[in-house]
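Here is a short tour of one protein model, with the geometric cut-offs spelled out as we go. Please keep the viewer open while you read.

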Amino acid sequence: MAHKREQVILFIEKLAVGKKVSVRGLSHQLGLSEGTVYQGIKEAEERGLVATIPRVGTIRINHTIQTMQDTLTYQALLQIINGQVLAGEQGLTKVLHHFLIGAMTADRMLPYLTANALVIVGNREDVQQTALHNGAAVLVTGGLAVSPAIVDLANRQELPILSTKFDTYTVATMINRALADQKIKHKIATVADIYTALEHTRYLYSRQTVVDYKRLNRVSTHARFPVITQTNQLVGIVAGKDIFDKAGSLTLDKVMTKAPVTVSLTTSLASVRHMMVYDGYELLPVVDAQLHLLGIISRQDVMAKMDERKEKAAGTYFDQVTSSLTAQQGGAAYHTTVLPQMTNQIGTISFGVLSELVASACQRHLHYKIDRASTIDQVSLHYLRLIQLDARLTIVPLIMEAGRHSAKIDVNIQQNNQLVAKAIVTCQLLENPK
(Lines give C-alpha, C1' and ligand atoms only; values in the text may rest on other atoms or scores of the structure.)
Protein backbone atom coordinates (compact mmCIF):
# COMPACT_ATOMS: atom_id res chain seq x y z
CA MET A 1 0.00 0.00 0.00
CA ALA A 2 2.81 2.44 0.88
CA HIS A 3 4.47 1.73 -2.49
CA LYS A 4 1.25 2.46 -4.36
CA ARG A 5 0.67 5.69 -2.42
CA GLU A 6 4.18 6.74 -3.39
CA GLN A 7 3.20 6.24 -7.03
CA VAL A 8 0.42 8.77 -6.52
CA ILE A 9 2.78 11.26 -4.87
CA LEU A 10 5.42 10.91 -7.60
CA PHE A 11 2.74 11.49 -10.25
CA ILE A 12 1.48 14.62 -8.44
CA GLU A 13 5.03 15.99 -8.12
CA LYS A 14 5.33 16.01 -11.92
CA LEU A 15 2.10 17.97 -12.44
CA ALA A 16 2.23 21.66 -13.33
CA VAL A 17 1.42 24.12 -10.54
CA GLY A 18 -2.30 24.95 -10.71
CA LYS A 19 -3.30 21.59 -12.22
CA LYS A 20 -6.46 20.14 -10.66
CA VAL A 21 -6.27 16.75 -8.95
CA SER A 22 -9.19 14.38 -8.40
CA VAL A 23 -9.47 10.93 -6.84
CA ARG A 24 -11.48 9.52 -9.73
CA GLY A 25 -9.21 11.03 -12.39
CA LEU A 26 -5.97 9.74 -10.85
CA SER A 27 -7.52 6.35 -10.15
CA HIS A 28 -8.35 6.02 -13.86
CA GLN A 29 -4.94 7.32 -15.00
CA LEU A 30 -2.82 5.21 -12.65
CA GLY A 31 -4.98 2.08 -12.54
CA LEU A 32 -5.18 2.20 -8.73
CA SER A 33 -8.14 1.92 -6.39
CA GLU A 34 -9.86 5.14 -5.34
CA GLY A 35 -9.04 4.39 -1.69
CA THR A 36 -5.31 4.17 -2.44
CA VAL A 37 -5.42 7.36 -4.52
CA TYR A 38 -7.32 9.21 -1.78
CA GLN A 39 -4.66 8.25 0.79
CA GLY A 40 -1.92 9.32 -1.63
CA ILE A 41 -3.55 12.73 -2.18
CA LYS A 42 -3.91 13.27 1.59
CA GLU A 43 -0.21 12.47 2.08
CA ALA A 44 0.67 14.86 -0.77
CA GLU A 45 -1.35 17.54 1.02
CA GLU A 46 0.63 16.95 4.22
CA ARG A 47 3.86 17.36 2.24
CA GLY A 48 2.64 20.68 0.82
CA LEU A 49 2.28 19.42 -2.76
CA VAL A 50 -1.47 20.04 -3.14
CA ALA A 51 -4.09 22.17 -1.43
CA THR A 52 -7.87 21.96 -1.33
CA ILE A 53 -9.52 25.29 -2.14
CA PRO A 54 -13.25 25.86 -1.48
CA ARG A 55 -15.33 26.03 -4.66
CA VAL A 56 -12.23 25.21 -6.72
CA GLY A 57 -11.07 21.73 -5.71
CA THR A 58 -7.69 20.14 -5.03
CA ILE A 59 -4.84 21.66 -7.05
CA ARG A 60 -1.08 21.22 -7.40
CA ILE A 61 0.68 24.04 -5.54
CA ASN A 62 4.17 25.47 -5.19
CA HIS A 63 5.52 23.90 -2.00
CA THR A 64 7.99 26.73 -1.29
CA ILE A 65 5.24 29.31 -1.44
CA GLN A 66 2.81 27.27 0.63
CA THR A 67 5.25 26.98 3.52
CA MET A 68 6.23 30.66 3.73
CA GLN A 69 5.17 32.07 7.07
CA ASP A 70 5.81 35.76 6.57
CA THR A 71 3.39 36.16 3.65
CA LEU A 72 -0.25 35.67 2.79
CA THR A 73 -1.60 33.75 -0.21
CA TYR A 74 -4.78 34.72 -2.05
CA GLN A 75 -6.12 31.31 -1.11
CA ALA A 76 -5.79 32.16 2.60
CA LEU A 77 -7.16 35.66 1.98
CA LEU A 78 -10.39 34.17 0.63
CA GLN A 79 -11.18 32.74 4.05
CA ILE A 80 -10.40 36.00 5.83
CA ILE A 81 -12.69 38.18 3.69
CA ASN A 82 -15.36 35.52 3.21
CA GLY A 83 -14.91 36.01 -0.51
CA GLN A 84 -15.34 34.11 -3.73
CA VAL A 85 -13.23 33.62 -6.85
CA LEU A 86 -14.50 35.28 -10.05
CA ALA A 87 -11.52 34.34 -12.26
CA GLY A 88 -7.83 33.41 -12.24
CA GLU A 89 -8.11 30.36 -9.98
CA GLN A 90 -4.60 29.22 -10.95
CA GLY A 91 -3.13 32.27 -9.22
CA LEU A 92 -4.65 31.56 -5.81
CA THR A 93 -1.39 30.16 -4.43
CA LYS A 94 0.54 33.29 -5.35
CA VAL A 95 1.75 35.48 -2.52
CA LEU A 96 0.21 38.80 -1.53
CA HIS A 97 2.97 41.23 -0.48
CA HIS A 98 0.97 44.46 -0.17
CA PHE A 99 -2.30 46.03 -1.23
CA LEU A 100 -3.54 49.40 -2.42
CA ILE A 101 -6.93 51.00 -2.88
CA GLY A 102 -7.77 51.91 -6.47
CA ALA A 103 -9.20 55.34 -5.66
CA MET A 104 -7.11 57.24 -8.23
CA THR A 105 -7.10 57.22 -12.02
CA ALA A 106 -5.52 54.20 -13.71
CA ASP A 107 -2.51 56.14 -15.04
CA ARG A 108 -1.79 57.72 -11.62
CA MET A 109 -1.87 54.26 -10.05
CA LEU A 110 0.96 52.88 -12.23
CA PRO A 111 3.91 53.92 -9.97
CA TYR A 112 2.36 51.99 -7.08
CA LEU A 113 1.66 48.77 -8.97
CA THR A 114 4.04 45.84 -8.57
CA ALA A 115 3.79 42.10 -9.06
CA ASN A 116 2.10 40.29 -6.17
CA ALA A 117 0.13 43.38 -5.19
CA LEU A 118 -3.62 43.43 -4.65
CA VAL A 119 -5.78 46.30 -5.90
CA ILE A 120 -9.01 46.87 -3.98
CA VAL A 121 -11.56 48.51 -6.26
CA GLY A 122 -15.25 48.64 -7.14
CA ASN A 123 -16.62 48.27 -10.66
CA ARG A 124 -14.01 50.47 -12.39
CA GLU A 125 -12.96 48.33 -15.33
CA ASP A 126 -10.06 50.59 -16.37
CA VAL A 127 -8.41 50.16 -12.95
CA GLN A 128 -9.05 46.40 -12.98
CA GLN A 129 -7.46 46.09 -16.42
CA THR A 130 -4.43 48.20 -15.50
CA ALA A 131 -3.85 46.13 -12.35
CA LEU A 132 -3.95 42.81 -14.22
CA HIS A 133 -1.65 44.04 -17.00
CA ASN A 134 0.91 44.98 -14.33
CA GLY A 135 0.91 41.68 -12.43
CA ALA A 136 -1.49 42.66 -9.65
CA ALA A 137 -4.56 40.73 -8.52
CA VAL A 138 -7.93 42.43 -8.05
CA LEU A 139 -10.39 42.44 -5.15
CA VAL A 140 -13.83 43.76 -6.07
CA THR A 141 -15.79 45.14 -3.12
CA GLY A 142 -19.53 45.41 -2.59
CA GLY A 143 -20.23 42.00 -4.13
CA LEU A 144 -20.02 43.46 -7.66
CA ALA A 145 -19.40 41.39 -10.79
CA VAL A 146 -16.76 41.95 -13.51
CA SER A 147 -17.05 41.92 -17.29
CA PRO A 148 -16.27 38.84 -19.45
CA ALA A 149 -13.25 40.71 -20.86
CA ILE A 150 -11.76 41.11 -17.37
CA VAL A 151 -12.48 37.47 -16.55
CA ASP A 152 -10.68 36.39 -19.74
CA LEU A 153 -7.69 38.66 -18.99
CA ALA A 154 -7.38 37.35 -15.41
CA ASN A 155 -7.44 33.76 -16.60
CA ARG A 156 -4.75 34.45 -19.22
CA GLN A 157 -2.56 36.28 -16.68
CA GLU A 158 -3.23 33.62 -14.01
CA LEU A 159 -4.07 36.38 -11.53
CA PRO A 160 -7.05 35.96 -9.23
CA ILE A 161 -10.05 38.25 -9.20
CA LEU A 162 -11.74 38.00 -5.82
CA SER A 163 -15.07 39.38 -4.72
CA THR A 164 -16.33 40.32 -1.28
CA LYS A 165 -19.51 41.89 0.05
CA PHE A 166 -17.57 44.07 2.49
CA ASP A 167 -16.91 47.75 1.76
CA THR A 168 -13.41 49.03 0.91
CA TYR A 169 -12.53 50.37 4.38
CA THR A 170 -13.65 47.20 6.16
CA VAL A 171 -11.84 44.81 3.83
CA ALA A 172 -8.64 46.93 3.86
CA THR A 173 -8.65 46.79 7.66
CA MET A 174 -9.11 43.01 7.60
CA ILE A 175 -6.24 42.50 5.14
CA ASN A 176 -3.93 44.83 7.06
CA ARG A 177 -4.62 42.87 10.24
CA ALA A 178 -4.00 39.57 8.46
CA LEU A 179 -0.65 40.76 7.08
CA ALA A 180 0.36 41.99 10.54
CA ASP A 181 -0.64 38.64 12.07
CA GLN A 182 1.44 36.77 9.50
CA LYS A 183 4.44 38.95 10.33
CA ILE A 184 4.02 38.17 14.03
CA LYS A 185 3.75 34.44 13.30
CA HIS A 186 6.95 34.61 11.30
CA LYS A 187 8.75 36.22 14.25
CA ILE A 188 7.79 33.32 16.52
CA ALA A 189 10.36 30.54 16.16
CA THR A 190 8.78 27.10 15.71
CA VAL A 191 9.92 23.51 15.43
CA ALA A 192 9.80 23.84 11.62
CA ASP A 193 12.70 26.32 11.80
CA ILE A 194 15.29 23.93 13.23
CA TYR A 195 14.10 20.32 13.36
CA THR A 196 16.15 17.52 11.79
CA ALA A 197 14.11 16.15 8.88
CA LEU A 198 13.31 12.46 8.51
CA GLU A 199 15.93 11.80 5.81
CA HIS A 200 18.65 12.91 8.29
CA THR A 201 17.09 11.21 11.34
CA ARG A 202 18.29 7.93 12.85
CA TYR A 203 15.36 5.69 13.78
CA LEU A 204 14.48 2.03 14.33
CA TYR A 205 11.53 -0.17 13.44
CA SER A 206 9.37 -1.77 16.12
CA ARG A 207 10.21 -5.32 14.95
CA GLN A 208 13.96 -4.72 15.08
CA THR A 209 15.85 -6.05 18.08
CA VAL A 210 18.04 -4.92 20.94
CA VAL A 211 21.04 -5.97 18.83
CA ASP A 212 19.93 -3.53 16.12
CA TYR A 213 19.73 -0.75 18.73
CA LYS A 214 23.27 -1.46 19.94
CA ARG A 215 24.59 -1.47 16.39
CA LEU A 216 22.97 1.90 15.59
CA ASN A 217 24.16 3.27 18.92
CA ARG A 218 27.76 2.41 18.09
CA VAL A 219 27.57 3.89 14.59
CA SER A 220 25.83 7.13 15.55
CA THR A 221 26.92 7.55 19.22
CA HIS A 222 23.32 8.59 19.94
CA ALA A 223 21.48 6.99 22.86
CA ARG A 224 17.81 7.70 22.00
CA PHE A 225 15.96 6.78 18.82
CA PRO A 226 12.35 7.05 17.62
CA VAL A 227 10.69 3.70 16.94
CA ILE A 228 8.29 3.49 13.99
CA THR A 229 6.16 0.96 12.11
CA GLN A 230 6.64 -0.02 8.47
CA THR A 231 4.15 2.73 7.55
CA ASN A 232 6.31 5.36 9.27
CA GLN A 233 3.98 5.80 12.25
CA LEU A 234 5.67 6.63 15.55
CA VAL A 235 5.00 4.05 18.26
CA GLY A 236 7.74 4.70 20.81
CA ILE A 237 11.18 5.89 21.90
CA VAL A 238 14.03 3.59 22.84
CA ALA A 239 17.00 4.63 24.99
CA GLY A 240 19.96 2.94 26.63
CA LYS A 241 18.12 2.46 29.93
CA ASP A 242 15.37 0.53 28.12
CA ILE A 243 17.68 -2.16 26.72
CA PHE A 244 20.01 -2.47 29.70
CA ASP A 245 20.44 -6.16 30.61
CA LYS A 246 17.94 -7.23 27.91
CA ALA A 247 18.44 -10.18 25.56
CA GLY A 248 19.75 -9.19 22.14
CA SER A 249 16.96 -11.05 20.33
CA LEU A 250 14.18 -9.13 22.11
CA THR A 251 12.19 -6.89 19.74
CA LEU A 252 12.07 -3.18 20.46
CA ASP A 253 8.28 -3.07 20.82
CA LYS A 254 8.78 -5.10 24.02
CA VAL A 255 11.27 -2.68 25.64
CA MET A 256 10.57 0.80 24.21
CA THR A 257 8.72 3.64 25.94
CA LYS A 258 5.31 3.66 24.30
CA ALA A 259 3.18 6.72 23.42
CA PRO A 260 6.08 9.19 23.82
CA VAL A 261 5.64 12.95 24.09
CA THR A 262 5.75 14.51 20.62
CA VAL A 263 5.68 17.95 18.99
CA SER A 264 4.41 19.25 15.65
CA LEU A 265 6.05 21.55 13.10
CA THR A 266 4.00 24.49 14.39
CA THR A 267 4.89 24.07 18.09
CA SER A 268 6.77 27.13 19.31
CA LEU A 269 10.37 26.67 20.40
CA ALA A 270 9.53 28.41 23.67
CA SER A 271 7.04 25.63 24.44
CA VAL A 272 9.53 22.95 23.44
CA ARG A 273 12.23 24.48 25.63
CA HIS A 274 9.81 24.59 28.55
CA MET A 275 8.99 20.88 28.07
CA MET A 276 12.63 19.88 27.74
CA VAL A 277 13.80 21.76 30.81
CA TYR A 278 10.81 20.97 33.02
CA ASP A 279 10.57 17.27 32.11
CA GLY A 280 14.21 16.60 31.22
CA TYR A 281 13.75 15.59 27.56
CA GLU A 282 16.91 15.49 25.45
CA LEU A 283 15.10 14.66 22.20
CA LEU A 284 11.51 14.86 21.00
CA PRO A 285 9.99 13.27 17.88
CA VAL A 286 8.31 15.62 15.38
CA VAL A 287 5.11 14.16 13.94
CA ASP A 288 2.13 15.13 11.78
CA ALA A 289 -1.54 14.86 12.76
CA GLN A 290 -1.52 11.10 11.99
CA LEU A 291 1.62 10.51 14.11
CA HIS A 292 3.81 9.90 11.07
CA LEU A 293 7.43 10.65 11.99
CA LEU A 294 8.70 13.82 10.28
CA GLY A 295 12.00 14.09 12.16
CA ILE A 296 13.39 14.99 15.58
CA ILE A 297 14.31 18.07 17.57
CA SER A 298 17.14 18.09 20.13
CA ARG A 299 17.56 20.01 23.36
CA GLN A 300 20.93 21.40 22.25
CA ASP A 301 19.48 22.85 19.03
CA VAL A 302 16.52 24.41 20.83
CA MET A 303 18.68 26.12 23.44
CA ALA A 304 21.06 27.50 20.81
CA LYS A 305 18.26 28.79 18.58
CA MET A 306 16.36 30.47 21.42
CA ASP A 307 19.53 32.23 22.59
CA GLU A 308 20.24 33.40 19.03
CA ARG A 309 16.70 34.66 18.52
CA LYS A 310 16.09 37.11 21.33
CA GLU A 311 13.87 39.58 19.51
CA LYS A 312 10.21 39.63 20.43
CA ALA A 313 7.33 39.31 18.01
CA ALA A 314 7.00 43.03 17.32
CA GLY A 315 3.43 44.13 16.92
CA THR A 316 1.83 41.98 19.62
CA TYR A 317 -0.14 43.59 22.45
CA PHE A 318 2.39 42.16 24.92
CA ASP A 319 5.16 43.99 23.09
CA GLN A 320 3.22 47.26 23.09
CA VAL A 321 2.61 47.06 26.85
CA THR A 322 6.06 45.91 27.98
CA SER A 323 7.96 48.25 25.62
CA SER A 324 7.03 51.09 28.00
CA LEU A 325 8.97 49.37 30.82
CA THR A 326 12.37 51.02 31.31
CA ALA A 327 15.13 49.74 33.61
CA GLN A 328 16.47 51.96 36.38
CA GLN A 329 19.36 51.53 38.84
CA GLY A 330 21.06 49.04 36.52
CA GLY A 331 18.11 46.67 36.44
CA ALA A 332 17.12 46.80 40.11
CA ALA A 333 13.85 48.67 39.37
CA TYR A 334 11.60 49.34 36.36
CA HIS A 335 9.48 52.36 35.51
CA THR A 336 6.35 52.70 33.38
CA THR A 337 3.43 55.06 32.88
CA VAL A 338 -0.20 53.88 32.77
CA LEU A 339 -1.41 54.59 29.21
CA PRO A 340 -5.06 54.66 28.04
CA GLN A 341 -4.82 51.23 26.37
CA MET A 342 -3.66 49.71 29.67
CA THR A 343 -6.84 50.66 31.56
CA ASN A 344 -10.11 48.85 32.22
CA GLN A 345 -13.70 50.13 32.05
CA ILE A 346 -13.32 52.30 35.19
CA GLY A 347 -10.07 53.96 34.11
CA THR A 348 -7.65 52.08 36.35
CA ILE A 349 -4.86 49.78 35.20
CA SER A 350 -6.10 46.40 34.04
CA PHE A 351 -5.24 43.43 36.25
CA GLY A 352 -3.90 41.50 33.26
CA VAL A 353 -1.72 44.39 32.08
CA LEU A 354 -0.20 44.88 35.52
CA SER A 355 0.48 41.14 35.72
CA GLU A 356 2.31 41.27 32.36
CA LEU A 357 4.38 44.26 33.47
CA VAL A 358 5.33 42.52 36.72
CA ALA A 359 6.20 39.29 34.90
CA SER A 360 8.34 41.12 32.33
CA ALA A 361 10.16 43.06 35.06
CA CYS A 362 10.92 39.83 36.92
CA GLN A 363 12.27 38.10 33.82
CA ARG A 364 14.54 41.07 33.05
CA HIS A 365 15.65 41.19 36.67
CA LEU A 366 16.61 37.51 36.69
CA HIS A 367 18.62 38.00 33.53
CA TYR A 368 20.37 41.01 35.08
CA LYS A 369 21.06 39.39 38.46
CA ILE A 370 21.89 35.77 37.64
CA ASP A 371 22.11 35.76 33.84
CA ARG A 372 19.31 33.22 33.40
CA ALA A 373 16.33 33.27 31.06
CA SER A 374 13.04 32.20 32.59
CA THR A 375 9.39 31.40 32.04
CA ILE A 376 6.63 32.45 34.42
CA ASP A 377 4.91 29.72 36.41
CA GLN A 378 2.65 31.89 38.57
CA VAL A 379 1.93 35.53 39.41
CA SER A 380 0.09 36.17 42.67
CA LEU A 381 -0.89 39.85 42.49
CA HIS A 382 -2.63 41.94 45.17
CA TYR A 383 -3.92 45.50 44.72
CA LEU A 384 -3.52 47.78 47.72
CA ARG A 385 -4.79 50.93 45.97
CA LEU A 386 -6.42 51.70 42.63
CA ILE A 387 -3.86 52.72 40.03
CA GLN A 388 -5.17 55.52 37.82
CA LEU A 389 -4.51 56.55 34.22
CA ASP A 390 -1.21 58.47 33.75
CA ALA A 391 0.18 57.10 37.04
CA ARG A 392 3.98 56.74 37.06
CA LEU A 393 4.82 53.31 38.48
CA THR A 394 8.06 51.85 39.81
CA ILE A 395 8.28 48.04 39.88
CA VAL A 396 10.91 46.71 42.28
CA PRO A 397 11.65 42.93 42.12
CA LEU A 398 13.59 41.22 44.92
CA ILE A 399 14.80 37.62 44.50
CA MET A 400 13.76 35.59 47.56
CA GLU A 401 14.95 32.18 46.35
CA ALA A 402 16.94 31.04 43.31
CA GLY A 403 17.79 27.39 42.83
CA ARG A 404 18.95 25.39 39.86
CA HIS A 405 15.56 25.17 38.19
CA SER A 406 13.30 27.79 39.77
CA ALA A 407 13.17 31.16 41.48
CA LYS A 408 10.72 33.06 43.66
CA ILE A 409 10.54 36.85 43.53
CA ASP A 410 8.88 39.37 45.84
CA VAL A 411 7.67 42.44 43.92
CA ASN A 412 6.70 45.90 45.18
CA ILE A 413 4.77 48.24 42.86
CA GLN A 414 5.11 51.87 43.94
CA GLN A 415 3.59 55.21 42.92
CA ASN A 416 5.19 58.39 44.28
CA ASN A 417 7.20 56.20 46.71
CA GLN A 418 3.99 54.72 48.12
CA LEU A 419 3.15 51.02 47.89
CA VAL A 420 0.11 50.47 45.64
CA ALA A 421 0.37 46.74 44.84
CA LYS A 422 2.42 43.65 45.72
CA ALA A 423 3.13 40.38 43.94
CA ILE A 424 4.83 37.05 44.46
CA VAL A 425 6.16 35.56 41.22
CA THR A 426 7.49 32.03 40.72
CA CYS A 427 9.61 31.34 37.64
CA GLN A 428 11.16 28.35 35.97
CA LEU A 429 14.82 28.99 35.15
CA LEU A 430 15.96 27.89 31.72
CA GLU A 431 19.36 26.52 30.87
CA ASN A 432 21.81 28.67 29.00
CA PRO A 433 23.01 27.00 25.78
CA LYS A 434 26.42 25.43 26.02
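## A buried threonine

Thr375 belongs to strand β20, which covers residues 374-383; helices (H or I, at least four residues) and strands (E, at least two) are DSSP runs, numbered from the N terminus. This is a predicted model, in which local features need pLDDT of at least 70 and side-chain atom pairs count only at pLDDT 80 or more, while totals for chains, interfaces and linings use all residues. Residues are numbered from 1 along each chain as its sequence is written, and side-chain values use heavy atoms, with hydrogens and water left out.

Is Thr375 buried or exposed? With a relative accessible area of 18%, Thr375 is buried; buried means under 20%, exposed over 50%, and partly exposed in between (1.4 Å probe, protein chains only). Not counting residues up to four places away in sequence, Thr375 touches His274, Gln363, Cys427, Gln428 and Leu430, where contact means heavy atoms within 4.5 Å.

## Two nonpolar cores

A nonpolar core is a set of buried Ala, Val, Leu, Ile, Met, Phe, Trp, Tyr and Cys residues joined through side-chain atoms within 4.5 Å. The largest one has 28 residues, and Ile349, Leu393, Val411 and Ile413 touch the most other members. At least two residues each come from α16 (351-370), β21 (392-402), β22 (406-415) and β23 (418-429). The top contributor is α16, with 7 residues.

Leaving aside neighbours within four places in sequence, Val411 is in contact with residues including Val358, Cys362, Ile395 and Val425. Another core lies apart from the largest one and has 19 residues, among them Leu113, Val127, Ala131 and Val138.

## A helix pair

Helices α7 (residues 125-133) and α8 (residues 148-157) have axes that come within 10 Å and cross at roughly 10 degrees. Axes are lines fitted to C-alpha atoms, for helices over the stretch in contact, and angles run from 0 to 180 degrees between N-to-C directions. The two helices are therefore roughly parallel to each other, a label for angles under 35 degrees.

On the α7 side the contact involves Glu125, Gln128, Gln129, Leu132 and His133, and on the α8 side Ala149, Ile150, Leu153, Ala154 and Gln157.

## A four-stranded sheet

An open sheet of 4 strands runs in the order β12-β13-β14-β15, with mixed pairing; two strands pair if DSSP finds at least two bridges between them. Its edge strands, β12 (204-205) and β15 (257-258), each pair on one side only. Strand β14 (residues 234-238) runs antiparallel to β15 and is joined to it by 2 bridges, and Gly236 has Lys258 of β15 as its bridge partner.

Note on methods: Angles under 35 degrees count as roughly parallel, over 145 as roughly antiparallel, 65 to 115 as roughly perpendicular and the rest as oblique.
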